[in-house]
Amino acid sequence: MSEQVNKSVNKCAEEYMIQIIGAGAIGCLWLAKLHQSGYPCHIVSRGSAKQPQQPLDFTDLQGQQHQFIISHSHQLLTTSIAEQQSTILVCVKAPQVLTALLDQQQHINTDQVIILMHNGYGCAEEVQQHFPSNPIICATTANASLLNKPLNITHTGLGPSYFGTYQTANKNHPSNINLSEYIAPLQKAMADVYWSESILNKCWLKLIINAAINPLTAINQMTNGQLQAPQYEALIQPLVLEVFSIAEAERIDFELAELQQTVSNVITATAGNYSSMNRDIFYGRETEIEYINGYLIKKAQQHNIATPILSDLYQQIKVLESR
Ligand code: PAF
């Protein structure tokens, strides 16, 4: 790739508008932070976006309240700068990622960068099949945010966010040269945002944390901290071992002791929180179980690894979901 093309990609990447698909807690958090940093952004929701400009109510980590007038609609903007150059940040839950993108497919250029940020694993593979030439970035965040009501959120915890390249089919695409440039606006907007050369490892780590915490807290309708009770610790240890064996078979490197410690640290750090799956079951919504335990069980079957605990929790969540 010539230096000229490389330069033009780098120059434009930072100028691109960010269009966020999904007006949930995390989508609105990025919207608020981008807005605060003065970066052009737009949000696409499935809700009732009757007016193109609406207020977003945002309570920050210090408890200060802000209101922003935001650009909001049901479809991606396809005019002026946004049409050619916007970066798409998808913040819907794993089961909705592909549908949300397919709904907007006619408004997405084949060279637009798509960033996927959600709990669970397996969506990027699906998205790649339908958007084979779009550069795809995978992302994971440990930020916590609460959706109080539509377009009204509270930032409840700051944690690291990692972004990295997911292998796209079209490896020679010019915008693949330096995809890290595309997250510069997100780095300016929020603290603790990193480009990672080992993004699959970071996403797997989050997958393991979610597999350990989410189904148990959802089935028992309790906070993350209640997992510190001995009867749950006795389940989490062998569960992490099951997932560790699957990761090992998939050539994703972890130290078992470190992994057990990380899960325990997250439980302590988020002790007062209800996990996202806990809330999904509580409100009768579809969970991300297919992209957490479901994904892991599929991979385990491919490697002939037994998953008694993962499978039992999967079944219990499916029963709760079906009610
Ligand atoms: O899904 C969630 O709720 C979060 O990812 C985590 C880390 C389990 C904390 O509640």
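Me: How many bridges join strand 1 to strand 2, and do the strands run parallel or antiparallel?
Reply: In this predicted model, strand 1 (residues 18–21) and strand 2 run parallel and are joined by four bridges.

Me: What does the chain pass through between strand 1 and strand 2?
Reply: The chain goes from strand 1 through helix 2 (residues 25–36) to strand 2. This β-α-β crossover is right-handed.

Me: Which strand does I43 face, and which residue there?
Reply: I43 stands opposite H72, which belongs to strand 4. Strand 2 and strand 4 (residues 65–73) run parallel, with two bridges between them.

Me: Are the faces of strand 2 covered or open?
Reply: Both faces of strand 2 (residues 41–44) are covered. C41 and I43 are buried on one side, and H42 and V44 are buried on the other.

Me: Changing topic: which residues surround the ligand?
Reply: The ligand is surrounded by N119, K206, N210, I213, N214, N224, S275 and S276. Helix 7 (residues 199–219) supplies the largest share of this shell, with four residues.

Me: Which polar side-chain atoms lie by the ligand's oxygen atoms, for instance from S276?
Reply: For S276, a polar side-chain atom lies 2.6 Å from an oxygen atom of the ligand. In the case of N214, an N or O atom of the side chain is 3.1 Å from a ligand oxygen atom. K206 has a polar side-chain atom 3.4 Å from an oxygen atom of the ligand.

Me: And how much of the ligand does the protein bury?
Reply: Taken alone, the ligand exposes 280 Å², and the protein buries 84% of that area.

Me: Now N278: where is it, and is it buried or exposed?
Reply: N278 is part of helix 10 (residues 276–282). The residue counts as buried because its relative accessible area is 0%, and the cut-off for buried is under 20%.

Me: What does N278 touch?
Reply: Leaving aside residues up to four places away in sequence, N278 touches T217, A218, Q221 and M222. With T217 there is also a polar approach: a polar atom of the N278 side chain lies 3.0 Å from the backbone oxygen of T217.

Me: What about N134: where does it sit, and which backbone oxygen does its side chain reach?
Reply: N134 sits in the loop between helix 5 (123–130) and strand 7 (136–141). Its side chain reaches the backbone oxygen of Q112 at 2.7 Å. N134 is buried, with a relative accessible area of 3%.

Conventions
Residues numbered from 1 in each chain as written. Predicted model: local features only at pLDDT ≥ 70, side-chain atom pairs only at ≥ 80, totals over all residues. Heavy atoms only, no water. Buried < 20%, exposed > 50% of the residue type's maximum accessible area, 1.4 Å probe, protein only. Polar contact = N/O pair within 3.5 Å; in protein donor to acceptor, adjacent residues only side chain to side chain. Contact = heavy atoms within 4.5 Å. Pairing = 2+ DSSP bridges. Right-handed = clockwise from strand over helix to strand, strands pointing away. Near = heavy atom within 4 Å. Areas by Shrake-Rupley, 256 points an atom, 1.4 Å probe, with all protein chains shown as cover.
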